[in-house]
Amino acid sequence: MKRSHIIYIIAIASFILPSCQKVIHIDLNSADPKYVIEGNISNQAGPQTIKLSKTVSFESSNVFPAVSSALVTVTDATAGITDTLQEGAAGYYSTVSMTGVPGHMYQLYVKAEGKVFTSTCTMPMPVTLDSLYISKSVFGNTRGAIVYTDPAATGNYYYFAEYKNSVLTDNIYIRSDELRNGQVIDQVLSRGGGESELNTGDYLTIAMECIDSAMYQYYFTLQQTKNQNAATPANPQSNIVGGALGYFSAHTVSSKSVLVN
Amino acid sequence: MFTLVFIFSSIIASAQKFTVSGTIKDKKSGEALIGATLVVVNDPTIGVVTNEYGYYSLTLPKGDYKLLFRYVSYNTQEIPVTLDKNTKLDIIAEPEDRQLKEVVVSSKVSNVRNAQMGMTKLNVQEMKALPVLFGERDVMKIVQLLPGVESAGDGNSGFYVRGGAIDQNLILLDEAIVYNPSHLLGFFSTFNSDALKDVTLYKGTAPAQFGGRLSSVMDVKMNDGNDKEYHVSGGIGLISSKLAVEGPIVKDKGSFLISGRRTYADIFLGLSPDTNINRSRLYFYDLNTKFNYKLTDKDRLFLSGYFGKDQLGLGSVFGINWGNATGTLRWNHLISPKLFSNTSLIFSDYNYNINVNNSGFSAKIHSEIRDWNLKEELDYFSNPKNTIRVGFSSIYHTITPGTITGANITTVGKPDNHTWENGIYISNAWKPNSRWNIDYGIRLSIFTVFGGSEMYELDAKGAIKDTLKYGKSDVVKNYINPEPRFSASYTLNENSSLKAAYTRNTQSLHLISNSTSSNPTDKWVATNNIIKPEIADLGSLGYFRNFKNNMYELSVEGYYKYSQNQIDYKDGANVLNNDAIEPKLLFGQGRAYGLEFSAHKTQGKFTGWISYTLSKTETQINGINNNQWYNARQDRTHNLSVVAVYEVNKKWTLSSSFVYYTGDAVSFPSGKYNINNQTVFYYTERNGYRMPSYNRLDIGATRQLAHRKHFTSEISFSVYNAYGQQNPYIITFQDDPNDASKTQALQTALFRFVPSVSYNFKF
């Protein structure tokens, strides 16, 4: 439903005749639970958090079991410092003293219930989000628009985390400098793929993350998985070794907020 | 001595043979008749079939003969001929009275006698009675009602033949390849049925003159145009209108045909109060033209062209247009009464353009595939037992993979890709005796990959290890594949026969698409150093039986197909962007087998057919589903079509069709998890689930309106999906909007109770 041509089909169909949606029941197999890692190391003040959970069957309610009592370490390979993370709330592991430094390489090590997962990610150099404003797009919806200056070097990738009233939305906005390297980018955040929309009175925060190419690929394929319009849907391409779902991202953050009016 | 002289003279007499040859044409329109039969009355095992240009040639011992002409929906004729010299005999065929014509879609050739199996000729004029979506008569949707052919989806004009993918169908319009035979995301085909003369579908068993696709050939030929008088015909429907004009350039020597069609859904869109819809652009148009001219008794020129375009757009922000253009110049030359030559120069082009214009950012994306093709073919009507066909086809392909340009942006693109596809072939239609009909031949395919575009070397994991440098004229690789083609029938008795066929086909252009619907931006990619030509071997066996003087035709065909070098994507591959495609692909094998049953009633007030296919289609690719065989998306166990047409009286004809098939094999999630505060579904295997089965009934009625001297018209009504079955077009998974703690499966159905009315006229 989310990509442009599907919208057109629906637009045509809904005009000429009503297309028809209904909830159906499908017997889906339940796979063995798989580990899910949501790992973020940023250049913001700590603590940094790594979240461990598991998959559940489709029929289950949206309660995802936390993975507790795991050994989680993050190593700044550039500086040669290792931090052993402490579990706070069940499944949430926080750094003790580590702060992310742009240009440094980070290694994740997770040992949970006898399984080992590792990952490596280099934090890109920071780019500042110069401004955030609200734009009524031609598609008729209200969206955030961002301004930033892409650095002269090629190979910059961005992920824009969208918070509506301080809650992370399901839109996944990503950009790369493939087409517009080194330019001032003033652009509406579109093609997020999520259901979340902005309304008057909402408080919008955009956290621009500079990510590496593997994380760009992760978010790109996460978008595809969510869109469900590929002939062969698949899981996102993870940068985690060992067979876990999810990601390990070392990134810089630059945020701005605005009130939708 | 006397005996010796007698024997000698009889040898001389038997050696004295003459050729009767000519063209068979429709009396009213002058259209040449393809595949018409002519047999000797006293010995019906001696005969000939007209070629693609209506030409026949029959060489017989000196004597007096009566030839019997037979062709569906034409009056049978007996033509006396005295053969004491080579004789030119053009036959004028008289169409049956319109009101008496009660045949629907039928094979124009007796299916018992013909050597070809897995072949159907559609009678374009006679499929008009069938109910259709939006009133658009569409040959590609009629084809889907045949055994062994499956629809690619609800309302979709794409089709799968014997488990083959959509890109494995060779779709030809007057010999030119049509790369994207669909309009509006697949809901309509590029073929305007008013301009068509003949549609032949070969289900993987095509003779040697066809090559380049694994699964089928759909050979579409345009009308030549009436060379006797001017005619205008047209139609007005809910979605589109069309108009065709034809007539002589010089009477009996040359004619022209121009036929156009345009949709007007966009006019309705403008009336919508919804700004999302009323600012949209959405239309397509087609233009078919053809000219032919008889230069001399031995030479005839044909020039035909097709041009079609789709436009989709939203204000000035986003636009996409795509279209095919083809052109064919042909020269028929009669070297001798027994040797017919055709030379064709063919141009074919498909391109798409995307324009994006969004807050200070504007970009254009252009992609194209362009062919120049030179073909030469000789038909040698050696004797009544052998007709030999020799020829070659040489296609130069240029693919522009998609360049992105625009103000303030870095131009992204890859150099054009050049390849050269050659085929040389020879085949013989052999009738050794009255029981056997054997077509055998071989095609040698030579595919040459030129440098100039980027070629890669991949490591064991499939990542790019090295970029290889080749000059533009360097030959990177030649692929040479001999393709044997064999098809035979053995007549058991007057009414039944057994047939067997074996064919090998190769395919060197591949459509890379990861979309559930037909998408104009699907990429054609040529074979190169990494992507190998696909190869398929198909064996089939069949039993054919007719009853009651061919009123009922029954057939059972079984097939087994094994394919090599099949292509699929790695999990999560993005095939839309401009990165090298090779690291995203995986290669493997395929197998498909099935049984096709068909029962036709071809005559009477009540006509129609039932076709049922039981089949299996599987793929095995290292890197997918633990290297095990898995169901291909188009693996449909059961596929049933029932078509019925009833002629109530001279004015009213009623029709209906019913379709049932097993749902596609698809990938559904086997779990879910949470990442970045949202539910994401977890997939474990490819094509491990099934869509619900599909079923649909369409009904239609056609009324002949007042018949004035030169003016005929009719009005057709139809309802597509008459009982409103909610056939899922797509099933998606999401959080329950009413209960955030739950997830749900949501199906979207598109077409239910779609009524349509169309009015067609001719004068």
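Pro47(A) sits in the loop between strand 2 and strand 3 (49-54) of chain A, where strands (E, at least two residues) and helices (H or I, at least four) are DSSP runs numbered from the N terminus. The peptide bond that joins Gly46(A) to Pro47(A) is cis, with omega at about -5°. This is a predicted model, with local features needing pLDDT of at least 70 and side-chain atom pairs counting only at pLDDT 80 or more, while totals for chains, interfaces and linings use all residues. On bookkeeping, residues are numbered from 1 along each chain as its sequence is written, chains are lettered from A and ligands numbered from 1 in the order in which they are written, and side-chain values use heavy atoms, with hydrogens and water left out.

Ser69(A) belongs to the loop between strand 3 and strand 4 (71-76) of chain A.

Chain A splits into domain 1 (35-122) and domain 2 (129-259), the bounds coming from an automatic or database domain assignment. Their C-alpha centres are 22 Å apart. At the interface, 24 residues of domain 1 of chain A touch 17 residues of domain 2 of chain A, with contact taken as heavy atoms within 4.5 Å. The two domains of chain A bury about 1600 Å² between them, and 58% of that is on carbon and sulfur atoms; buried area here is the accessible area (1.4 Å probe) that two parts lose on being put together, summed over both.

Polar contacts do show up, with 12 residue pairs between domain 1 and domain 2 of chain A, both residues at pLDDT 80 or more. Such a contact is a pair of N or O atoms within 3.5 Å; within protein, one must be able to donate a hydrogen and the other to accept it, and residues adjacent in sequence count only if both atoms are side-chain atoms. On the side of domain 1 of chain A that touches domain 2 of chain A, strand 2 (35-42), strand 8 (105-112) and strand 9 (115-122) of chain A each supply at least two residues. Strand 2 of chain A gives the most to that side, with eight residues. By class, the residues on that side come out as 12 nonpolar, 11 polar and one charged, where Ala, Val, Leu, Ile, Met, Phe, Trp, Tyr, Cys and Pro count as nonpolar, Asp, Glu, Lys and Arg as charged, and the others, Gly among them, as polar.

Strands 8 and 9 of chain A run antiparallel and are joined by eight bridges; two strands pair if DSSP finds at least two bridges between them. In this pairing, Tyr109(A) faces Thr118(A) in strand 9 of chain A. The hairpin of these strands has two residues between them, and Glu113(A) takes a positive phi near 45° there. Strand 9 of chain A also pairs with strand 17 (residues 240-241) of chain A, antiparallel and over two bridges. There, Ser119(A) stands opposite Ile240(A).

Chain B is assigned domain 1 (17-96), domain 2 (105-218) and domain 3 (219-762). The C-alpha centres of domain 1 and domain 2 of chain B are separated by 28 Å. In chain B, five strands make an open sheet with mixed pairing, in the order 9-16-17-12-13. Strand 9 (119-122) and strand 13 (176-177) of chain B are the edge strands, each pairing on one side only. Strand 12 (residues 169-173) of chain B runs antiparallel to strand 13 of chain B, with two bridges between them, and Leu173(B) is set opposite Ala176(B).

Further along chain B, strand 50 (residues 754-762) pairs antiparallel with strand 18 (residues 231-236) over four bridges, and Ser233(B) has Lys762(B) as its bridge partner. Strand 47 (residues 712-720) of chain B also pairs antiparallel with strand 50 of chain B, over nine bridges. Here Val719(B) is partnered with Pro755(B).

Over all chains, the search of the whole structure gives 36 salt bridges. One example joins the side chains of Glu94(B) and Lys27(B), at 4.0 Å from N to O. Glu94(B) lies in the loop between strand 8 (91-93) and strand 9 of chain B and Lys27(B) in the loop between strand 1 (17-26) and strand 2 (37-40) of chain B, so the pair ties together parts that are 67 residues apart in sequence.
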